[in-house]
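Here are my notes on the model you sent. They are set out as numbered points, to be read with the structure open.

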Amino acid sequence: MRIGTRGSALALAQAHETRDRLMAAHGLSADDFEIVVIKTTGDRILDRPLKEIGGKGLFTREIEDALLSHQIDIAVHSMKDMPTIQPDGLVIDCYLPREDVRDAFVSSSFAGISDLPQGAVVGSSSLRRRAQLAARRPDLQLVEFRGNVQTRLKKLEEGVAVATFLAMAGLSRLGMLHVARGAVEPDEMLPAVAQGCIGVERRADDAQTAALLAAISDRDSTLRVTAERAFLARLDGSCQTPIAGLAELAGDQLRLRGEILRPDGSEVIAGERIGPSSDGAAMGTDLAGELRGRAPSDFFDWS
Ligand SMILES: NCc1[nH]cc(CCC(=O)O)c1CC(=O)O
């Protein structure tokens with residue numbers, strides 16, 4: 001089986017995790033797999049904010065093309081970075097057990113958001129994190145912080161900013177949880193839709209691969225991410241849109257929280273739904289409809 005992935009350390013860790021789970025589920029060895037590294041447009045352009053170069057598909061298009069042309073059999077993705085609709089002929093219906101969904105607060109000088117002094121400089125290129133931070137702490141100064149984890153940590157060291165945020169899941173998969181000064185609870189900063197979830201994409205007509213993947217797909221992840229992505233889909237989430245969403249399971253009850261923000265944090269519209277876990281998609285769509293309805297007419301007019 002050929003596994004397609006981006007070449008970043010995080011992407012490779014996720015590809016290895018997927019391979020290891022397939023090996024364990026089916027009694028296969030590493031020799032039964034080939035990891036195929038694919039460079040994407042998003043990997044090539046490192047010097048500009050993502051929102052300027054246009055959309056989430058930037059990190060997936062080349063990988064999906066490789067799937068469609070049978071150069072690879074599966075593609076491993078951070079579901080947080082995936083558009084809500086896949087190209088014709090491809091499906092994602094395999095979600096691995098979810099990692100920590102929270103954001104990490106990273107700083108060598110301060111212990112958390114509330115410890116940051118007035119006007120402190122915080123680095124982040126995430127539209128969501130920037131908007132959430134601005135909403136809570138309008139005094140802070142935000143600077144763009146793109147690049148991989150090492151690059152961002154180096155910028156902190158150089159004093160470009162005094163703090164930044166990363167996903168706990170990414171740090172955990174890289175074996176770098178020690179750089180997190182603490183985890184930010186979802187009440188404080190609601191995570192991105194599908195944060196911490198690895199999804200596996202395949203060709204829709206590839207029944208053999210579908211059967212292999214079914215054995216490693218996690219039910220709880222699937223229920224939660226389905227609700228979150230239905231919420232995102234109904235909001236037509238793009239890179240221009242600060243949106244957060246998190247579904248949690250308690251037994252067979254699903255609690256879905258969602259919020260949309262103005263990029264400058266001047267307005268936050270939040271809501272939640274609780275219902276049976278089998279209704280996740282409907283709850284997501286419904287919650288998104290409510291938030292849309294509550295948003296002023298110029299709210300989605302950001303570009
Ligand atoms: N947008 C980049 C990205 N996509 C997925 C993760 C982390 C892993 C995950 O959320 O599954 C990250 C890095 C980050 O936000 O710190």
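1. Terms first. Two strands are taken as paired if DSSP finds at least two bridges between them. Helices (H or I, at least four residues) and strands (E, at least two) are DSSP runs, counted from the N terminus. With that in place, Ala 250 stands opposite Gln 253 in strand 12.

2. Basis and confidence. The model is predicted: local features need pLDDT of at least 70, side-chain atom pairs count only at pLDDT 80 or more, and totals for chains, interfaces and linings use all residues. Residue numbers start from 1 along each chain as its sequence is written. The average pLDDT (the predictor's confidence in each residue, from 0 to 100) is 94 for the protein chain, and 94% of the residues score at least 70. For the complex, the predictor gives an ipTM of 0.94 and a pTM of 0.94. Where pLDDT is low, the coordinates should not be read in detail.

3. Domains. The protein chain divides into domain 1 (1–96 + 197–217), domain 2 (103–184) and domain 3 (218–303); these bounds come from an automatic or database domain assignment. The centres of domain 2 and domain 3, taken over C-alpha atoms, are 24 Å apart. Between these two, eight residues of domain 2 are in contact with 10 residues of domain 3, contact meaning C-beta atoms, placed from the backbone, within 7 Å. On the domain 2 side, the touching residues are six nonpolar, one polar and one charged. In this classing Ala, Val, Leu, Ile, Met, Phe, Trp, Tyr, Cys and Pro are nonpolar, Asp, Glu, Lys and Arg are charged, and the others, Gly among them, are polar.

4. Five bridges join strand 4 to strand 10 (residues 198–203) in the antiparallel sense, with Glu 201 in strand 10 as the bridge partner of Ile 92.

5. Strand 12 (residues 253–261) and strand 13 are joined by nine bridges, and Glu 259 faces Ala 270 in strand 13.

6. The hairpin. Strand 11 and strand 12 pair over eight bridges. Two residues lie between them, and Gly 251 in the turn has a positive phi of about 65°.

7. Where does the ligand lie? Domain 1 and domain 2 both give residues to the shell around the ligand, so it lies between them. Among the residues around the ligand are Ser 78, Lys 80, Asp 81, Gln 195 and Cys 197, counted when the C-beta atom, placed from the backbone, is within 6 Å. Strand 8 (163–167) and helix 7 (168–173) each supply at least two residues of the shell. By class, the shell has four nonpolar, four polar and two charged residues.
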